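Please read them beside the sequence and the coordinates.

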Amino acid sequence: MKDHPDQLAAAWSELVATARRTVADGLVVGTSGNVSRRLKDLVLVTPSGVPYDRLGPGDITAVDLEGRQIIGALRPTSELPMHLAVYRSTKATAVVHTHAPHATAVSTLVTALPPIHYMAAELGGPVRVAPYALYGSDELADHLLAALRDRTGALLRNHGTLTYGDSLDQALDRTAQLEWMCRVWLTAQSVPGHTPSLLSPGELAQAGERLRGYGQHGD
């Protein structure tokens, strides 16, 4: 992959643009959160502690699937174990991790986001909350993988979110949908004297079937 500098440069530019969108969309504050993109056996990843608006074409940071730095002088994100765990265990080509406020709040209240909306089907079903572990630890990566079983997104207790997809756009969209669902549930369950209605497994499954045909590729 290092033999294709134009492809690397384009992928890095897309990654930086996605990272900047997480800030603009209110999903992270400062240098919290991180983004990665897999290109064969190479993983491009945001570096640790560097504001995204300061990243340029010469700041490419990349590791192999074992975490060994292959490109760049900047230290990769401290959450690299989570990103690599996802790439080793799924067919993901992009991962987005944020500290989205509503999702983080929900992670402190429940063990799974209640199925408040049919878009949960886009993430594979009710979104689980991975138990708390120190950020950047292998323990947290293990908890995340368990929460991601048959899912494309998870909440991290007292921490944030992680979603993955076939592209950076898809992974970021899933993060945005997850944050929105958390906001809806928090709003609904805060109304005194009322309990939010939730979708059944059958209703979610039906929505999932419909979503697979959604968009311009559908009928």
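1. The annotated region. An unreviewed UniProt entry lists residues 13-186 as "domain: Class II aldolase/adducin N-terminal". The model described here is a predicted one.

2. Packing of H1 and H5. Helix H1 covers residues 5-24 and helix H5 covers residues 168-189. Their axes lie 10 Å apart, and the helices pack at an angle of about 10°. Angles under 35 degrees count as roughly parallel, and H1 and H5 are therefore roughly parallel to each other. The crossing of H1 and H5 is right-handed.

3. The H1-H5 contact. On the H1 side the contact is made by Glu14, Leu15, Thr18, Arg21 and Thr22. On the H5 side Leu168, Asp169 and Leu172 take part. By type, the residues of this contact divide into three nonpolar, two polar and three charged.

4. Helix H2. Is this helix, residues 80-89, enclosed or open? Seven of its 10 residues are buried, so H2 is largely enclosed by the rest of the structure. The buried residues of H2 are Leu80, Met82, His83, Leu84, Ala85, Val86 and Tyr87.

5. Tyrosine 87. This residue lies in helix H2. Buried means under 20% relative accessible area, so tyrosine 87, at 1% relative accessibility, counts as buried. Leaving aside residues up to four places away in sequence, tyrosine 87 touches Ser36, Arg37, Arg38, Val43, Leu65, Ala92, Thr93, Ala94 and Val95. Tyrosine 87 and leucine 145 are 58 residues apart along the chain, and their C-alpha atoms are separated by 11 Å.

6. Aspartate 150. The loop between helix H4 (138-147) and strand E7 (153-156) holds aspartate 150. Although aspartate 150 is not a glycine, it has a positive phi of about 60°. Aspartate 150 counts as exposed because its relative accessibility is 64%, and the cut-off for exposed is over 50%.

7. Asparagine 158. Which loop holds asparagine 158? Asparagine 158 is placed in the loop between E7 and strand E8 (160-165). Asparagine 158 is not a glycine, yet its phi is positive, at about 55°. With a relative accessible area of 42%, asparagine 158 is partly exposed.

Conventions
Residues are numbered from 1 along each chain as its sequence is written. This is a predicted model: local features need pLDDT of at least 70, side-chain atom pairs count only at pLDDT 80 or more; totals for chains, interfaces and linings use all residues. Side-chain values use heavy atoms; hydrogens and water are left out. Axes are lines fitted to C-alpha atoms, for helices over the stretch in contact, and angles run from 0 to 180 degrees between N-to-C directions. Helices (H or I, at least four residues) and strands (E, at least two) are DSSP runs, numbered from the N terminus. Angles under 35 degrees count as roughly parallel, over 145 as roughly antiparallel, 65 to 115 as roughly perpendicular and the rest as oblique. A crossing is left-handed if the near helix is turned anticlockwise from the far one by less than a right angle, and right-handed if clockwise. Contact means heavy atoms within 4.5 Å. Ala, Val, Leu, Ile, Met, Phe, Trp, Tyr, Cys and Pro count as nonpolar, Asp, Glu, Lys and Arg as charged, and the others, Gly among them, as polar. UniProt positions are given in the numbering used here, feature names are shortened, and annotations may be inferred rather than shown by experiment. Buried means under 20% relative accessible area, exposed over 50%, partly exposed in between (1.4 Å probe, protein chains only).
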